[in-house]
Amino acid sequence: MPFATTPLVEGFISEAIRGRASFWVPGLAQLLAQRFWQCRGRAFDVTTYGSLRWLRSDPLGLRVEVSAIDIVGADPIVIEALPLQTRQGYKAIGLDLLTEAPTTEDIVLFQDAFTLLKAGSGLSDAVVALVRSVHLLAGSGNGYDTSHSEPNLPCSIFVSVPTGQQYAEFRLAESILHEAMHLQLTMLEKEAPLLCNTSATGYSPWQQTVRPVKGLLHGLFVFSVINQWLAELRAGGVLGEEGHIYIARRRAQIAEEVAMVSELSVYPALTEFGRTFADWLIGTRS
């Protein structure tokens, strides 16, 4: 159910739209996270959160911290391992969770990824506000990345770490951002519903099959954010040739996919606010 003061978040986003703010809406993640933790009462907070604790509804329960990502000016993000039984559940959906601690090179790569995210105004701060636990996944092979998040783990993401591979820091930054924005939109939907018919479906260019409209809207939002972050990263002018090649290729791919959901804002499954939100994302933006 939406919280009692839903108009607060709708108004925040409406003002951002009028002011042509970034698609991630600087400050929105912090607002959503603050309200999320407030509604938990004393059961959980930003420091006691852990994926297994959340799944077991036990804020003082087991949390296997195998490492942490230090973020300047913020609480570290925990890299957490899960017990065998829980990992087996994820294995059943094709996710191979690792239990060993990340290498020094892995941690450096995470730091490099967060440095890239700072190219977007307030974007790194948004990710830190949303993501409190990271789980490492086995990769799918050289050049292939795997990432995951889910609504029942509100502040957790799962990512493979492409240490030593081409474009590694760009790919990891994109994976982190991708899943963090899914978390942000899930929190947003609790405050300001975007759909009035959750069973409606449409063609997904990302899954290349018919999927729920909810998934299409998530895809549109996430990739619109990624596309804009890449544009701002390119505009920063401090990238080498490899970075410019990666950005040009990814932005071309994203533009092609987003064009395939360009009619999403007229879907009757969306609320009035949902249509406004989708139309903003689909509108012209460099």
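Q: What makes the pair Thr-146 and Ser-140 a polar contact?
A: Their side chains come to 2.9 Å, and a polar contact is a pair of N or O atoms within 3.5 Å; within protein, one must be able to donate a hydrogen and the other to accept it, and residues adjacent in sequence count only if both atoms are side-chain atoms. This is a predicted model, in which local features need pLDDT of at least 70 and side-chain atom pairs count only at pLDDT 80 or more, while totals for chains, interfaces and linings use all residues. Residues are numbered from 1 along each chain as its sequence is written, and side-chain values use heavy atoms, with hydrogens and water left out.

Q: Why is Thr-146 called buried?
A: Its relative accessible area is 16%, and buried means under 20%, exposed over 50% and partly exposed in between (1.4 Å probe, protein chains only). Thr-146 is therefore buried.

Q: Which residues does Thr-146 touch, not counting those up to four places away in sequence?
A: Leu-95, Leu-137, Ala-138, Ser-140, Phe-158, Val-159 and Ser-160; contact means heavy atoms within 4.5 Å.

Q: How do you know that Leu-185 is buried?
A: Leu-185 has 0% relative accessibility, so it counts as buried. Leu-185 lies in helix α7 (residues 168–191), and its contacts include Leu-217, Phe-221 and Phe-277.

Q: What puts the buried residues of α10 on the same side?
A: In α10 (residues 272–282), Phe-273, Gly-274, Phe-277, Ala-278, Trp-280 and Leu-281 are buried. They cover an arc of only 155° around the axis, so they are on the same side of α10; the arc is that of the directions from the helix axis to the C-beta atoms.

Terms used. Helix = DSSP H or I, 4+ residues; strand = E, 2+ residues; numbered from the N terminus.
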